Every structure is written in structure tokens, then in C-alpha cells.
Amino acid sequence: MSEEIKANVTMDLKGLACPLPVVRVSQQVKKMKIGEILEAETTDPGAHADFPAWAKSTGNEIVKIDKGASSTKFYIKKLK
Amino acid sequence: MEKEKIQELRQLVKSRLNRPMRYYLDVCTRCGLCYDTCHAYYGIPKKEYSPVNRAEVVRKVYKKYFRPSGFAFPYWGDATKLDERVMDELKEAAFSCTGCRRCMMFCPFGVDMPHILSIAKLLLIGYGNAPEELIMLADSAVEKGKSIDSFKEGYREVIRDLETQVQERLKLPSSEDLIPMEKQNADVLYVGLSGAHSIVHPAVIFNAAKENWTLSYFEAVNFGMFAGDPEKMQFIANRIVKEATSLNVKEVVIVECGTAYRIPKFLLGPLPFKVTSIVEKIYRYIKDGKISIREGAIADALTYHDPCQLGRNGGVYDEPRYVLGALAKDYREMSPTREYNWCCGGGGGLVALDNEDFRVKTGKAKKDQITATGAKIVVSACENCILQLNTIKNGYGLDVEVKSLTELVSENLIV
């Protein structure tokens, strides 16, 4: 049984066009404290590569990915 | 600003001073004919939003450091030294311009303002003052290029989900391989964007045309270009070139994204494959009878917005008009149109910046054009433009629907 992750902030990014999902996530993470978790829900298939690449380039961490039928929730931990 | 930093920035200016750049910097007579050609000045009639005044910010720096008169007599030479105030002015100049080049169509000397502003963008990167959203997006794209193998599995999994949407749309018995990936010797490598719509609609069309195609792992958009960073631009573009070369494809088809099309088409030099816009590909499929669309299926008045990078800077004008002319019963041309069409105000990466109020104001020319046509549907072929057209629609409360050309074709395909 996987550990439940409690998000400090949730964002609905469903249906947003390129490049807004990554821009919105980046803006939100900047406002958060180190160690806090953002839950970002998106319908973009590209997010499955874009969010991990963004996390790697900014030094943050994707701690969990919940793939649903029509959208995916990314849990992003602010490390920097 | 410290002397060392000024020296470093001076070298950056020098690195851009080839013959065309020196010509553009030297030849302008400041006649002011470009004022009324800029959508930003049309929406916000302040001189700092005119093409000539944007270029003047760069030109004054050039005069200070590269012209004897500006160096010896800065006041007479109309020269400005680099300092924080000038860096702010450079930022305002560079990122209030979409790079549409409409001003260039009216300039008696053909001065390429966005080319001049590439110096401003380079200086901002050197000074660490470039828009952080664009730098962040460029860095992510670079990282994606470096680490693509670790992201492939997750991406392929969601692409498999999209295959069922293609299957339903085409009423096929199986969804298997409807969006192929890493297919060696495919005729076409299609490069989309992050959004599902940029993959599903083209996939429907490619399958209907029985194309031997494969989907790229990368997004077509190039934020290195928008940020004005030549090295990142090259790296991001090369991800696709390497992928296309390793798969041995004959043609790379680019999603509806003007800059993404212009870079491989015109800025990378000779490539071992053909570069085509999805709009040109759709046109060719219809002309060759590979796909059929419902002619006259759209009864509402419809107009087309030429994306600047696809039209004015790319030369793709007739293909979208042919397709839309077939689909629409009442096609209405905007005025002015084609190479003189007004920019929507979303290009140059501006839609990624936190500037919606500015973009609504500078979208006024486009709003006036759309309203004058009386059209109920506005079609374009660029993701940036579609985003900005929706911003204009919402900002001015226009009673129109904004659609992408590929989406419209996919929805009106005879299957």
C-alpha cells in the first residue's frame, strides 16, 4: 500500500495550453516554503516528460505521480 | 555597473555585429514610418512601444561602444552607456516586441527590428535579467534533451491512452500502433506540443491518410529562441534533428507553432530531411486525395489569422486558405491580410509571461480586424496565436469561437 501524500497546495491545470502548465507550477512553487508539496493535476501528456525535466533543472522533486483515466496528479516537493 | 561586467556585455554586442546587423543599426534615419505598423503602438500609443524607439535603445548602446563619435562625444553621438536603467529599457524593448516583422514590411530600408532586438535579449541573458519564465522553460527543454531516456516510459504510457481516442474517432477495431513512436525509417516524424490536442488531431489525420509516421518525444516549441539564447536554441532544436536523423525519416512535420516551424525550416542550415508545417501537410493530403473533408460543412462566417512566423516569416499563406475555403461556406478575409496582417500580440514567447493586461491592450488591432469581418469563428495555425486570440476574445468580450486549423480538419474528416 503506497503512502498517502498530503499536499499543501493543489492546482487544477487541466486543459491549459502549452506552456502554461509548467509556467504555473513554477510560479506556484516559488511562493511555497521548502519541504512543502504541490499537487498539480494536468491533462497534458507532455507533462509526463516536462514536469520531471523541470524538477530536475530546478532542483525540486516529484515524489509521486498518480495517473488517472483522463488526467494525472503530480506531487512536487519544493527542495530549493 | 562594474567595468568588468560592461566589458563582458560589450563582447556580447560585438558577437552579434555581422554585416546585416551593422547595416540595420547604421541605416535607420528615424523617419518614424514604422510607428503605425506596430500592434503594440496601436494598442498603447507610447513612443517606447514603437519599433524605431525599441531599436534606438540598442542603437545607442552600439554607438557608445562601437562608433568613435559615440565614444568620444556621447551627447552629440546620441550614445548611452550600459547601466541598470538601460538594462530595464532593453528588457521593455525586447519583450514588448513579438518578432512579427510587420514593421519591416513598411520600413523604406527593410530594417529588421527583431534582429536588432536579439542584441537586447543577449545582453539581458549576460546581465542575468532575462524573463525568468523563458529561461526556466528553456532550461527544462535542455534538461529533457539530456535525460530523455528516463522520461520515455511515462510519456509512452500516456500516449497509449491517446491511441484509444484516435481509435474511437476513426472507428477502428484496434488502438494498437495508432500513435507510433521510435519507428525506424518512418517517412514522417511529427513533432507536437505538450497538449493532447496537438497529438490526437494530427494522429487522426495521419492515420486517415495512411501515413508512415512516428511521433517525436520532444515538443516543437523552442524557448531558447524566445529567450534569445543562441546556445540553448541550438541545443533544443538539435534534439529533434538528432531524433529525426537517428530514425532516418524523410520529413519532419511541425505542429501548429510558428517559431517551431521557422527554426528548422530557415535557421539550422541544410538538414538531411524536409521540414514541413502540419498545415502544408494537410493541404497536400487533400490535394492528393489522401484525406477527404466535408466541403462547406461550416455554415458560420469564418476568418483566418495568419501566424506571423508561418505567414510573413514563413511564406505559408495559400495552403490554409485552400483548406478553410473548402470547409467554410462563408470564408472572410481579414483586412489587411497576408504579409500585412496585424500580429495578434502573443508571439515571441510573450504568452508565457505574466502580462495579460499588456497583451489585451496590444491585441486591439487584431480585435478590430476580427470585429470588422463579422466572423463567428476565428481560425489560426499556431498555439501561441490561439492562446492570444482567446485572451483577446475574453479581454474584449468578443462573440467568436477560436479554433485551430488542424482541429477543424480532424473534426470534419470523412472517415
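**Walking through chains A and B**

Okay, let me start with one pair of residues: Y190(B) stands opposite V253(B), which is in strand 3 of chain B. Before I go on, please keep in mind that this is a predicted model.

So where does that pair belong? Strand 1 of chain B, residues 188–191, pairs with strand 3 of chain B, residues 251–254, in the parallel sense, and the pairing runs over four bridges. Strand 3 of chain B also pairs with strand 4 of chain B, residues 274–277, and that pairing is parallel too, over four bridges. V253(B) turns up again here, with T276(B) as its bridge partner in strand 4 of chain B.

Now over to chain A. You'll find two helices and four strands in it, and from the N terminus on they come in the order β-α-β-α-β-β. A compact globule of 80 residues would have a radius of gyration near 12 Å, and chain A has 12 Å, so the two agree. If you draw a box along the principal axes, the C-alpha atoms of chain A fill roughly 30 × 30 × 20 Å. Of the 80 residues in chain A, 40% count as buried. And if you take the contacts in chain A with a separation of 6 or more, 60% of them are between residues 24 or more positions apart.

Strand 3 of chain A is joined to strand 4 of chain A by a hairpin, through four residues. The two strands pair in the antiparallel sense over six bridges, with strand 4 of chain A covering residues 72–77. To find your way around on screen, look for K64(A), whose bridge partner in strand 4 of chain A is Y75(A).

I65(A) also lies in strand 3 of chain A, and its bridge partner in strand 4 of chain A is F74(A). Leaving out residues up to four places away in sequence, I65(A) touches T72(A) and F74(A). Why does I65(A) count as partly exposed? It has 15 C-beta neighbours inside 10 Å, and a residue needs 20 or more to be buried, or 12 or fewer to be exposed. For a sense of distance, I65(A) and G35(A) are 30 residues apart in sequence and 17 Å apart in space, C-alpha to C-alpha.

Next, where the chains meet. 26 residues of chain B are in contact with 21 residues of chain A. On the chain B side, helix 9 (132–146), helix 10 (148–170) and helix 19 (383–396) are the elements that give two or more residues. Which of them has the largest share? That's helix 9 of chain B, with seven residues. By type, the chain B side divides into 15 nonpolar, five polar and six charged residues.

I'll finish with helix 19 of chain B. This helix has 14 residues and reaches 20 Å from its first C-alpha to its last, close to the 20 Å expected at 1.5 Å a residue. Its buried residues include C385(B), I386(B), L387(B), L389(B) and I392(B), and also E383(B). What covers the buried residues of helix 19? Among the elements of chain B that do are helix 14 (258–267), helix 17 (356–362), helix 18 (364–373) and strand 7 (377–380).

Definitions and conventions. Residues numbered from 1 in each chain as written. Chains lettered and ligands numbered in written order. Predicted model: local features only at pLDDT ≥ 70, side-chain atom pairs only at ≥ 80, totals over all residues. Pairing = 2+ DSSP bridges. Contact = placed C-beta atoms within 7 Å. Nonpolar A, V, L, I, M, F, W, Y, C, P; charged D, E, K, R; others polar. Rg over C-alpha atoms; globule rule 2.2 N^0.38 Å. Expected span 1.5 Å × (residues − 1).
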